[in-house]
Amino acid sequence: MRSLRRLTALLLLPLAFGCGQEGLPENEAESLSARADPFTTSRGTIQNACGNADTTPQIFSNTLMSPAALNVGGGAPANWNPESGRMSRGGIEYVSANGLRFELVTDKCTYIREVKVGSRVVTPTYTDGYWYSAQDASYQPADPSRYGYNLWIFFPYLGDGSTNQVTITVGRTFGSGTATYSFPMVQVDSVEASFVPAPIGFSRADLWNMFGKALYTKFNGATNSAVIRSSDGSMRRIYGYDPNSLQLSVTSNGVGFSFKFKTDLNNWCDPTIRAYGTFKLNANSSGISVQWVNAPQASLEWPLRCVAVQVVPILGLVPTLIYDIIESEAANSITSTIESSIIDSLPETTNVQLFLDGSTTRSNELLVNLKLPAPSIKINVPYDAFDMNRSATLFPSGENLTLLASGLGVNDYVAGVSPQTTLYSGPNGVPRYGSTTWPNAQTLSRATNPVWNGLPIARLLARMSPTVLSTSTYQYTPGCTFKANNMFGRASVRFGVNDTVTDAQRLRGIFGAAPGYSLRVVFLNDLSTSIADNASRCGVTTYGPINGSDLPVLANP
C-alpha cells in the first residue's frame, strides 16, 4: 500500500506542478549537460561563450524548495503533509518524500556534471527509481553574471531512517573545473510538527505477562492463597488461582480477560470462580484510568452434590479483586504498571500528565497516545539484530531524543506451550524463556545470547557510535530519552532489536513474521533544553576500547 501511494504521488507530480515556477520538468526538457555544446556564431564556433573556461565554476546558492519544511520551532506551514515533508536540523535534511527540488544559482556557462545519492550516480534516465531533471529557472538573478536553474532529484522511498549524502557537482562548459554542493539526507516515513500525538504500544503479550504477574502476586505467589475483603465487608480466603486458565484478547472493542480461582466457604463446598470482563483505558491530563466496557463479572462452578449457597457474598468479592488487580493505585495493578512505564520515562516536569492524549485498542495491541510540544520524525525500524546492511540515522550532536514506539514487530513461537502457538511482540519485547518468576508467562526461547543479554527478546534498541573509541547501545522503555553525543558534531544511530542474528534472519525469512516497529523520535530540545537535559534516560551499556576486559559498563550519557 505504501509503494502504491508513493507511486501515485509521483505520477501526479507533473499534473500538480505542471504550471509556473513550481513546474516539474518534462522528461524531454533540455538537460543542463546540453550546455557543454559549443556556442556557434556567424564568425565560427566558440568553445565557451562566457570567456571563463579557465576558471572554476561557482555555486552561489542552492536552496531546497520542495518538499515543504517545518517552520522554526516545529510548527507546520499551510497545507502541511507529514508524508511529503522535510525538517532541517543542524545541516541535516529529514525527508519523507521521494524527491527534492532545488533552486540552483551558479555563474554562467556551467552544467550538471554529476548527481549522487549516497554512492549511487543518478542520471536523467529513470533507473531503479532514481533520476534527475534540470531546467533553466523561469526567473533569473538580477546579476547578469549569474544563472539560475531548477533541479529535481528523485529516489526510491525509504522510511527506515537511512542516511545518504546528496551531492550535486557542476562543471565548467568546456573547462576542467568543478564545484560541489553536498548535504546529508535522512529518509523517514513522516515528518511531524509539534503537538502531534504519537502512540506508545503495549502488545497482547505485554498485557498477558502483566496480568499473569499481578495475579500471581495477588494470590501470594507460591502459597497461592490470600485474604481479601468482599463487598459485604466480610473477609474471605481466595486460593487455587489456575495460571493455565488465563485468557486474554485485545481487539478494537477493548482488552478482554478471564481467569479461574477458588474461595473458602464455611463448609467443604468451595466453588471455582471464573472472573471476566472487558476494559479500555482513558488517558488525559488526569492520568490513566479504566473505562469498563463490560464490568467485572463472575460465574460459579460447584462441586458435585453441593448446594449453591452464599452466592451473593461470593460474587461480591470478584469486582473487589479485579479492581485491585487492574485499576488500584497499588504498584502491581495493570493501570499503575502502564502509567508508570510511561510517566516515569517522560521529561521530569509536574505537567507530565498534560502530554497524555487518549488511548485506543486494535488487534493484539493497546495504544496510549502522547502529544509532546516538540517536532518529531517517524521511522519504520526493520527487524534488524544489527546484522542488516543499512546505513545509520544521523542526528546533530547535543540533541535529546525521546523514543515513542508501537507496532507488532515479530510473530514467533511461544516457548514451552503445547499445542504450539505464537505471540506478537511489541517494542518492549518479551522475556526470554526461563527468566520469569511467575507461571504461564509468554516468553521466547533462544539457543544463543541476543545483542544485549539479559534484556527481553525483540526489545527496541538504539546503537550509537559517538566516537571512534566507544559504542553505546540504548534499550527502549516508553518515552525514554538519550542524547546524541559526538565530538565531531554529528552522531550516527542504528535502530534495531534485541535478538540473535540467526533468529532475526529466520523471522525475516518468513512472510509477515517480522514487520518491525514504528518509532517516533521527538527532538526534545525544542520543548526546553533544561527539561530535555534532565529527562529520564534510556538504559545504556557502553563498550569502550579493550583494556584487559571487554565487559560492558552501565552508564548514562
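**Entry 1: Terms and ground rules**

Two strands pair if DSSP finds at least two bridges between them. Strands are DSSP runs of E with at least two residues, helices are runs of H or I with at least four, and both are numbered from the N terminus. The model is predicted, so I note that local features need pLDDT of at least 70, side-chain atom pairs count only at pLDDT 80 or more, and totals for chains, interfaces and linings use all residues. Residues are numbered from 1 along each chain as its sequence is written, and side-chain values use heavy atoms, with hydrogens and water left out.

**Entry 2: Strand β7 and its partners**

I began with β7, residues 110–117. Which strand pairs with β7 over 7 bridges? It is β11, residues 160–172, and the pairing is antiparallel. I checked one end: Thr110 stands opposite Arg172 in β11.

β7 also pairs with β8, residues 120–122, in the antiparallel sense over 3 bridges. Here Val117 has Arg120 in β8 as its bridge partner.

**Entry 3: An open sheet**

Next I looked up a sheet of 4 strands. It is open, its order is β3-β6-β10-β9, and the pairing is antiparallel.

Gly99 stands opposite Phe154 in β10.

**Entry 4: Aromatic rings**

Rings of Phe, Tyr and Trp (its six-membered ring) pair if their centres lie within 6.5 Å; planes under 30 degrees apart count as stacked, over 60 as edge-to-face and the rest as tilted. The structure holds 19 aromatic pairs. Trp152 and Phe154 are stacked, because their ring centres are 5.3 Å apart and their planes are at 0 degrees.

Are these two residues buried or exposed? Buried means under 20% relative accessible area, exposed over 50%, and partly exposed in between (1.4 Å probe, protein chains only). Trp152 has 3% and is buried. Phe154 has 1% and is buried.

Phe395 and Phe523 make a tilted pair, with 6.1 Å centre to centre and 55 degrees between the planes. This pair links distant parts of the chain: Phe395 lies in β23 (residues 393–396), Phe523 lies in β31 (residues 517–523), and they are 128 residues apart. Both Phe395 and Phe523 are buried.

I also noted a cluster linked by ring pairs; among its members are Phe211, Tyr241 and Trp292.

**Entry 5: A cavity**

Rolling a probe the size of a water molecule over the atoms shows where empty space is left. On a 1 Å grid over the protein atoms alone, a cavity is a set of points where a 1.4 Å probe fits but cannot get out, and lining residues have an atom within 4 Å of a point. Points are joined across faces, edges and corners, and a volume is the space filled by probe spheres set on the points.

How many cavities of 30 Å³ or more are there? The count is 1. The largest cavity holds about 40 Å³ of space. Its lining includes Val196, Leu404, Ser376 and Arg520. By class, the lining has 7 nonpolar, 1 polar and 1 charged residues. Ala, Val, Leu, Ile, Met, Phe, Trp, Tyr, Cys and Pro count as nonpolar, Asp, Glu, Lys and Arg as charged, and the others, Gly among them, as polar.

**Entry 6: Backbone details**

I found a cis peptide bond from Ser66 to Pro67, with omega near 5 degrees. Pro67 lies in the loop between β3 and β4 (86–89). Asn79 is in the loop between β3 and β4 too. Its phi is near 60 degrees, a positive value in a residue other than glycine. Asn79 is exposed, at 79% relative accessibility.

Phe386 also has a positive phi, near 55 degrees. Phe386 is buried, at 18%.

Key
On a 1 Å grid over the protein atoms alone, a cavity is a set of points where a 1.4 Å probe fits but cannot get out, and a pocket is an open set with protein on both sides within 12 Å along at least five of seven lines; lining residues have an atom within 4 Å of a point.
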